[in-house]
Amino acid sequence: VGIMKIIQLIYSLCSGGAERFVVSLSNQLAEMGHDVTVCMLLSSGNEKYMFNRQFMRPEVHFHSMDFEPGFSLRKVRALEQYVLSVNPDVVHCHLNVIPYVFRLSLISRDIRFVHTLHNVAEKASGKDWQRVINRFFYSKGYIVPVTISEQCQLSYMKFYDLPAPARIDNGCEKPCRSALFETVRSEVSSYKRDDATPVFIHVARYHEQKNQSMLIDAFNELNKKGTGFLLLVLGDGFGQGAGAELKSRACGKIHFMGLKSNVADYLSCADAFCLTSTYEGLPISLLEAMACGVVPVCTNVGGIPDVIENGVTGYLCPVNTDAYVACLERFISERLSGTNLKDYFERNFSISGCAMKYLEVYEEVSR
């Protein structure tokens, strides 16, 4: 593959997994010598939209369209002008930004468009009417879809009634401890009853998809049984509304830490990683946990069962509070070792391997 000029197009660089993936992929592609720009649609003046900007390497270019939320043809034209001024080989779209490039993908035959669906297809398609339009652009090859797990690929085939698209399992950069690690370790130790207390961690902002209500219910139930544990919840959205209500009914063994940029420090202090989602693509937070040797205890939705073999590389259960409690108790009694998880991550989910597969797609669609 020769040197390519690539635009990674996304709404924002907020604290979500897709946003973190875009930064990791861009970093890796730039390290491999490609000319990479991350183009963000929303305003760079809003701090919450810029969270993942801090992890971007200097050699990756950054551009913000500084749009306010909401779709309009004026914004479409502005983005078209920007893309044409850069004249990339590939525009790689993430999340549901593709309505902004529908027209450009029809008229710009020298630029190729790739779209990663970061979730199961029915959750990644926007409004109901968009399914028909997406299907047209996918089926004609104007926009090339990529799915991120086997379950996401199957959901695409069913939802759009189209042949299997490319599948590239998500990858991520291996998280590194920061200079704050010893401080974090002391803090976490202060919450534990004793050295044997198992430490669980959940990394996600408050969101209905993440089903944190079930997470809190399950750990409250463990607490009622007198089980010793510590649960750290990292992410924002628990200071107001439904998130604050959920926080208020959590038992004292659950600590809400807020949004953290040094997640690896907390993962390094944890034994198990918790996800109770009702649907997923292939969560970056899960991959980061496995890279740190933290055993996943998750609901078996979306791409999660593609990553976790129950009882071998983690624990899986249905979306059910009682089943999740049993899953947590199984981890506590069996204590799967996380040592092999690090090797498993390197073999299957490194960002370098993921980037190579995307380059193959870019090269294929550019012919």
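**Entry: helices α1 and α14**

How do α1 and α14 lie to each other, roughly parallel or roughly perpendicular? I looked up the pair and noted that helix α1 (residues 17-31) and helix α14 (residues 351-365) pack at an angle of about 80°, with their axes 9 Å apart; α1 and α14 are therefore roughly perpendicular to each other. The model is a predicted one, in which local features need pLDDT of at least 70 and side-chain atom pairs count only at pLDDT 80 or more, while totals for chains, interfaces and linings use all residues. Residues are numbered from 1 along each chain as its sequence is written, and side-chain values use heavy atoms, with hydrogens and water left out.

For the terms, I noted that axes are lines fitted to C-alpha atoms, for helices over the stretch in contact, with angles from 0 to 180 degrees between N-to-C directions. Under 35 degrees counts as roughly parallel, over 145 as roughly antiparallel, 65 to 115 as roughly perpendicular, and the rest as oblique. Helices (H or I, at least four residues) and strands (E, at least two) are DSSP runs numbered from the N terminus.

On the α1 side I listed Phe21, Ser24, Leu25, Gln28 and Leu29, and on the α14 side Ile351, Ser352, Cys354, Ala355, Tyr358, Leu359 and Tyr362, where contact means heavy atoms within 4.5 Å. The residues of this contact divide into 9 nonpolar, 3 polar and no charged; Ala, Val, Leu, Ile, Met, Phe, Trp, Tyr, Cys and Pro count as nonpolar, Asp, Glu, Lys and Arg as charged, and the others, Gly among them, as polar.

**Entry: helices α4 and α5**

I then turned to helix α4 (residues 130-140) and helix α5 (residues 150-160), whose axes come within 11 Å and cross at roughly 110°, so that α4 and α5 are also roughly perpendicular to each other. Arg131, Asn134, Arg135 and Tyr138 of α4 meet Tyr156, Lys158, Phe159 and Tyr160 of α5, and by class this contact has 4 nonpolar, 1 polar and 3 charged residues.

**Entry: buried residues**

Is Leu231 buried or exposed? Leu231, found in strand β9 (residues 230-234), counts as buried at 0% relative accessibility, buried being under 20% relative accessible area, exposed over 50%, and partly exposed in between (1.4 Å probe, protein chains only). Not counting residues up to four places away in sequence, Leu231 touches Phe200, Ile201, His202, Leu215, Phe219, Lys253, Ile254 and His255. I also noted that 9.4 Å separates the C-alpha atoms of Leu231 and Ala272, which are 41 residues apart along the chain.

Ser105 sits in helix α3 (residues 102-107) and is buried, with a relative accessible area of 1%. Beyond four places in sequence, I found Ser105 touching Phe113, Phe137, Tyr142 and Ile143.

**Entry: helix α10**

Leaving aside neighbours within four places in sequence, Ala289 is in contact with Leu267, Phe273 and Val294, and the C-alpha atoms of Ala289 and Phe345, 56 residues apart along the chain, are separated by 9.5 Å.

**Entry: positive phi**

Just after α10, Gly293 takes a positive phi of about 75°. I looked for such values in residues other than glycine and noted Asp66, with phi near 55°, which lies in strand β3 (residues 61-67) and counts as partly exposed at 41% relative accessibility. Asn211 has a positive phi of about 55° and is placed in the loop between β8 (199-203) and α7 (212-224), where Asn211 counts as buried at 15% relative accessibility.

**Entry: the second largest pocket**

Which residues lie nearest the centre of the second largest pocket? Of the 19 lining residues, I noted Ser268, Cys292, Gly293, Val294 and Lys342 as nearest. The elements that give two or more residues to this lining are α9 (263-267) and α13 (339-348). By class, the lining has 10 nonpolar, 4 polar and 5 charged residues, and about 320 Å³ of space lies in the pocket.

On a 1 Å grid over the protein atoms alone, a pocket is an open set of points where a 1.4 Å probe fits, with protein on both sides within 12 Å along at least five of seven lines, and lining residues have an atom within 4 Å of a point. Grid points are joined across faces, edges and corners, and the volume is the space filled by probe spheres set on the points.
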